[in-house]
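Welcome! Take a moment to turn the model around on your screen, and then we will walk through it together.

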Amino acid sequence: MKIVAVRSYLQHMALTKPYSIAGYTFSDVSLAFLEVELANGIIGLGTASPAEEVVGETAEMSAANLASEFVQKLVGRDIEDFQQLIQEARTHFDHLPGTQAAIDIALHDAYGLFVGKSVSAILGRKIQALPTSVTIGLMSIPEALAEARKFKKLGFNVLKVKTGENVEEDIEKVIRLQEIVPDLKIRVDPNQGYTLSDLQLFLKKTKDIELIEQPLPIGLENELKPLNSKILMADESITGPEAALQFAEEPKPFQIYNIKLMKSGGIQAATEIAKIAEKAKIDLFWGCNDESILSITAALHVAYAMPNTRYLDLDGSFDLAEDLVSGGFKLVNGYMHLIEKPGFGVTKL
């Protein structure tokens with residue numbers, strides 16, 4: 001089945017409320033979208049929401065790339081060659097993972113719709129449902145406690161707490177949260193904001209932390225090796241298969257990899273990272289930026305196809321005050337359940 005048209009556009013979306021992480025505050029988000037239309041009228045949808053501070057690409061850059069002559073040349077190609085088309089896009093848009101992800105997601109969606117199967121079924125689904133964490137941004141301890149109570153009432157089971165600006169306050173915040181919501185699991189994300197001594201102090205003063213995400217800046221990963229901690233997770237360090245392979249060598253600085261489609265460049269590259277991790281007995285955590293339901297659902301499909309997936313942090317669409325699609329997944333008591341329909345099971349609004 002031939003591709004007969006491709007269309008791209010940029011959409012600015014407000015967040016439900018501003019939030020902060022170490023070094024940044026966000027109040028809105030820009031998303032790039034791609035539509036791939038087949039000769040039978042099927043339209044596959046893709047989207048990009050890269051984090052400039054991590055990958056050096058903005059959604060505006062993604063939108064410009066998606067309007068380029070290279071993408072227009074998808075017209076006339078066969079959707080059954082979607083994996084080859086994705087590989088060509090990865091080569092052409094090297095180091096532009098947002099652009100890659102939008103193309104990858106759109107082609108996966110179009111192919112799934114064409115063959116009448118969900119993407120997770122095409123990939124080989126292994127997992128039925130896991131709980132997602134919800135994020136408490138950088139805020140005062142009283143504000144964090146109030147957020148935790150709210151999330152518990154909403155049925156969530158796991159909190160991810162943004163840290164990294166003051167380790168002593170972080171320790172106090174985590175201890176207070178564990179007192180207020182003792183039945184909720186706690187993850188922390190310093191966003192590369194700790195020194196090694198900060199991390200060692202945090203590990204000494206806290207207990208029962210599920211995991212710690214990218215505590216030290218990129219380039220200092222070797223400092224983590226002597227700790228031999230099972231709860232340390234790589235995020236910004238894992239930009240693609242090459243990095244995944246590098247940090248899989250013994251002794252490993254991380255026992256968990258955070259895969260984001262907007263960081264790796266889509267499902268094809270994410271699958272390569274996941275398989276490297278599986279061979280190295282490294283668990284998978286699937287994360288996100290502020291994203292559309294579309295790309296959150298895409299991440300969920302590939303996450304559930306990987307046997308070493310253990311953790312989800314796919315709450316990015318919860319922060320949007322609006323979206324361009326609906327469907328994809330259902331949230332039940334904090335667990336994410338796929339809507340089993342062809343493609344990604346999303347409907348454009």
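## Two nonpolar cores

A nonpolar core is a set of buried Ala, Val, Leu, Ile, Met, Phe, Trp, Tyr and Cys residues joined through side-chain atoms within 4.5 Å. Keep that in mind as you look at this structure, which is a predicted model. Its largest nonpolar core has 73 residues, and those with the most contacts inside it are Leu159, Phe202, Tyr257, Leu261, Trp286, Leu312 and Leu314. Which helix gives the largest share of this core? It is α13, spanning residues 293–303, with eight residues.

There is also a second, separate core, made of 25 residues. Among its members are Leu34, Val36, Ala89 and Ala110.

## The protein as a whole

Now step back and look at the overall picture. The protein has 13 helices and 16 strands. Along the principal axes, its C-alpha atoms fill a box of roughly 60 × 40 × 35 Å. For 349 residues, a compact globule would have a radius of gyration near 20 Å, and the protein agrees with this because its own value is 20 Å.

How much of the protein is buried? Buried residues account for 58% of the 349 residues. The accessible surface comes to about 14,100 Å², and 51% of it belongs to carbon and sulfur atoms. If you consider contacts between residues at least 6 apart in sequence, 72% of them join residues at least 24 apart. As for charges, there are 34 positive and 47 negative ones, and their mean positions lie 7 Å apart.

## Around Tyr257 and Ala244

Let's return to Tyr257, one of the residues with the most contacts inside the largest core. Beyond its neighbours within four places in sequence, Tyr257 is in contact with a list of residues that includes Met233, Ile238, Ala244, Phe247, Ile273, Asp283 and Phe285.

Ala244, one of those partners, sits in helix α10. Is Ala244 buried or exposed? Its relative accessibility is 0%, so Ala244 counts as buried. Leaving sequence neighbours within four places aside, Ala244 is in contact with Ile238, Tyr257, Ile273 and Ile276. Ala244 and Leu261 are 17 residues apart in sequence, and their C-alpha atoms are 14 Å apart in space.

## Ala144 in its helix

Another alanine to find is Ala144, in helix α7 (residues 141–153). Ala144 has a relative accessible area of 0%, so it is buried. Not counting residues up to four places away in sequence, Ala144 touches Ile136, Met139, Lys173 and Leu177. Of these, Lys173 is 29 residues away from Ala144 in sequence, with 7.7 Å between the two C-alpha atoms.

Leu184 lies in the loop between α8 (167–180) and β7 (185–189). Its relative accessibility is 8%; the limit for buried is under 20%, so Leu184 counts as buried. Apart from neighbours within four places in sequence, Leu184 is in contact with Ala148, Lys152, Phe156, Asn157 and Leu159. Gly164 is 20 residues from Leu184 along the chain, and their C-alpha atoms are separated by 21 Å.

Asn333 is found in the loop between β14 (329–332) and β15 (335–338). With 55% relative accessibility, Asn333 counts as exposed. Leaving out neighbours within four places in sequence, Asn333 is in contact with Gly155 and Asn157. The C-alpha atoms of Asn333 and Thr163 are separated by 26 Å, and the two residues are 170 apart along the chain.

## Backbone details in the loops

Finally, zoom in on the backbone. Where is a cis peptide bond? One runs from Glu250 to Pro251, with omega near -10°. Pro251 belongs to the loop between α10 (241–246) and β10 (256–259).

Gln192 has a phi near 65°, a positive value in a residue other than glycine. Gln192 is in the loop between β7 and α9 (196–205), and its 23% relative accessibility means that Gln192 counts as partly exposed. Asp208 also is not a glycine, and its phi is positive at about 60°. Asp208 lies in the loop between α9 and β8 (209–213), and it is exposed, with a relative accessible area of 66%.

Methods: Residues numbered from 1 in each chain as written. Predicted model: local features only at pLDDT ≥ 70, side-chain atom pairs only at ≥ 80, totals over all residues. Heavy atoms only, no water. Helix = DSSP H or I, 4+ residues; strand = E, 2+ residues; numbered from the N terminus. Buried < 20%, exposed > 50% of the residue type's maximum accessible area, 1.4 Å probe, protein only. Contact = heavy atoms within 4.5 Å. Rg over C-alpha atoms; globule rule 2.2 N^0.38 Å. Areas by Shrake-Rupley, 256 points an atom, 1.4 Å probe, with all protein chains shown as cover. Lys, Arg positive; Asp, Glu negative; His and termini not counted. Charge placed at Lys NZ, Arg CZ, Asp CG, Glu CD.
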